[in-house]
Amino acid sequence: MTHFVTEGFHHVTMVSADAQRTLNFYRDLLGLSLVKKTVNFDVPETYHLYFGDSTGRPGSLLTFFEWPHAARGRYGVGGVHHVALGISGETVQLKWKRRLKDHGVRVSGPYDRGYFCSIYFTDPDGQVLEIATEGPGFAIDEPAEALGQELKIPDSKRLPGERDESWIAAQIYPQPVPEITPDMEISGIHHVTGHTDDLDQSHEFYTVALGLRIVKKSLNQDDEKTLHYFWANYDGQRVLPSSDMTLFGWPEGSPNAREGTGQTHHVAYRARDEAEQLTWREHLESIGFRVTDVKDRKYFKSIYFRTHDGMLVEIATDGPGFADDEDASSLGSALCLPEWLEPRRDEIETGLRPTV
Ligand SMILES: [Fe+2]
Ligand SMILES: [Fe+2]
């Protein structure tokens, strides 16, 4: 059997009720670059905004459909609970906490998760976000060359009951942070965490379908009755950044996620190129997934399928990338449409609420 190993996340797509509000939050407050302003190619009367690092590197991308009239989504089995963004270390994390709080965003943490340190908040639609430190990493409680071998019980000082919530809440950077300094830069997706009610089948999925490996078996550190498993691109030495998918294991029959605003719509993983994507598609079909035909998303090619839990998963090619129809120095500055929608530009632009 051909064995495919994704390099990690390509992008995560979420649902927003208001494109302008989403721009203000992700571009102006979090400092991500708007690397493409386009429409949802399947529903061209609605926006699709792409944020990421200044080049739109796969693994740094958060994208949003604007669905102004959609109901609020809900996390649950087959959905994403939160998306974590990476930063360098704990001082920088306190700067982010200060900046967010000064802009009226409620922030919890920093919580010492052992493998990294985390703060949590929500975007204006209610999507849960985390900002996590790069380290210290998964090798703190088992050898770097043998991760994920056995269940690791977190230190009780990190769990509710023993941890000092009032001390944690008081941790904050002492000065206001009106500007995002270079040290605060968000490096990309740190991890994505969802829910399943079948961890065994999830393990089968992430290892056999995507080629990830388990790198930690632990407990949800906010709810220690719940198992928490982590998979990533791991070669037995190194866990690749922007490749870590994690799941909380809920009891069988737990409620499913519901699509809508403030929820993740799908998670996309990287394929190197179109040839790899095609053979990957065959592999997925051979192990029982119903996979769409290859769709031309202009900046990459995509295939889609659903996991056993109902999560919509995409495999997207690394290229050609966002400089395909805009200069690399001015990404996101104009409304870009693929060739097949250009004839409808006037009608599409008239229907969209303008953003600045
Ligand atoms: Fe997390
Ligand atoms: Fe996508």
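**Exercise 1.** Determine how the donor residues of the iron ion (ligand 1) are spaced in sequence, and which atoms coordinate the ion.

*Solution.* Step 1: the donor residues of the iron ion (ligand 1) have the sequence spacing H-x47-E-x60-H. Step 2: His82 lies in strand E5 (residues 80-87) and Glu130 in strand E8 (residues 128-133), so this pair ties together parts that are 48 residues apart in sequence. Strands (E, at least two residues) and helices (H or I, at least four) are DSSP runs, numbered from the N terminus. Donors are N, O and S atoms within 2.8 Å of the metal (3.2 Å for Na, K and Ca); water is not among the atoms, so sites may look incomplete. Step 4: His82 has a relative accessible area of 4% and is buried; Glu130, at 1%, is buried as well. Buried means under 20% relative accessible area, exposed over 50%, partly exposed in between (1.4 Å probe, protein chains only).

The model is predicted: local features need pLDDT of at least 70, side-chain atom pairs count only at pLDDT 80 or more, and totals for chains, interfaces and linings use all residues. Residues are numbered from 1 along each chain as its sequence is written, chains are lettered from A and ligands numbered from 1 in the order in which they are written, and side-chain values use heavy atoms, with hydrogens and water left out.

**Exercise 2.** Identify the protein donors of the iron ion (ligand 2) and state whether His11 is buried or exposed.

*Solution.* Step 1: His11 (NE2), His266 (NE2) and Glu314 (OE) lie 2.0 to 2.1 Å from the iron ion (ligand 2). Step 2: along the chain, these donors follow the spacing H-x254-H-x47-E. Step 3: His11 belongs to strand E1 (residues 9-16) and His266 to strand E13 (residues 264-271), so the pair ties together parts that are 255 residues apart in sequence. Step 4: His11 is buried, at 1% relative accessibility, and His266 is buried at 5%.

**Exercise 3.** Describe helix H4 by its buried residues and by what follows the helix.

*Solution.* Step 1: H4 spans residues 199-209, and its buried residues include Leu199, Ser202, Phe205 and Tyr206. Step 2: after H4 comes Gly211, which has a positive phi, near 75°.
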